[in-house]
Amino acid sequence: TLNPVGIASIATENIMVYPNPAVGEVTLGISENAIGAMFTLYDMAGSTIKTTELKQTTTTIGLHDVAAG
């Protein structure tokens, strides 16, 4: 179950994140009505690691510079 934080207007069934576990990169799949939304990746302490605008229905985000865990 995906429990997004801070997404009030986008239904969670319209978001796919894969692969899990991720190695090197993660792909986000969203519906067309979510294009333009912002994606933010946080670490376990709540610090922002990456933020990007979702400009298309499939977005690949590199994780090569993110510590494991």
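Student: How many helices and strands does the chain have?
Tutor: The secondary structure comprises 0 helices and 5 strands, where helices (H or I, at least four residues) and strands (E, at least two) are DSSP runs numbered from the N terminus. This is a predicted model, in which local features need pLDDT of at least 70, side-chain atom pairs count only at pLDDT 80 or more, and totals for chains, interfaces and linings use all residues. Residues are numbered from 1 along each chain as its sequence is written, and side-chain values use heavy atoms, with hydrogens and water left out.

Student: What pattern does the chain follow along the sequence?
Tutor: The pattern reads β-β-β-β-β.

Student: Which residues form the largest nonpolar core?
Tutor: That core has 8 residues: V26, L28, I30, A34, F39, L54, I61 and L63. A nonpolar core is a set of buried Ala, Val, Leu, Ile, Met, Phe, Trp, Tyr and Cys residues joined through side-chain atoms within 4.5 Å. Buried means under 20% relative accessible area, with a 1.4 Å probe and protein chains only.

Student: Which strand gives the largest share of this core?
Tutor: Strand β2 (residues 25–30) does, with 3 residues.

Student: And what does I61 touch?
Tutor: Beyond residues up to four places away in sequence, I61 touches G24, E25, V26, L28, F39, K50 and T52; contact means heavy atoms within 4.5 Å.

Student: Turning to T59, why does this residue count as buried?
Tutor: T59 counts as buried because its relative accessibility is 13%. T59 lies in strand β5 (residues 58–62) and, leaving aside neighbours within four places in sequence, contacts V26, T27, L28 and L54.

Student: What percentage of the chain's residues is buried?
Tutor: Buried residues make up 23% of the 69 residues.

How values were computed:
Buried < 20%, exposed > 50% of the residue type's maximum accessible area, 1.4 Å probe, protein only.
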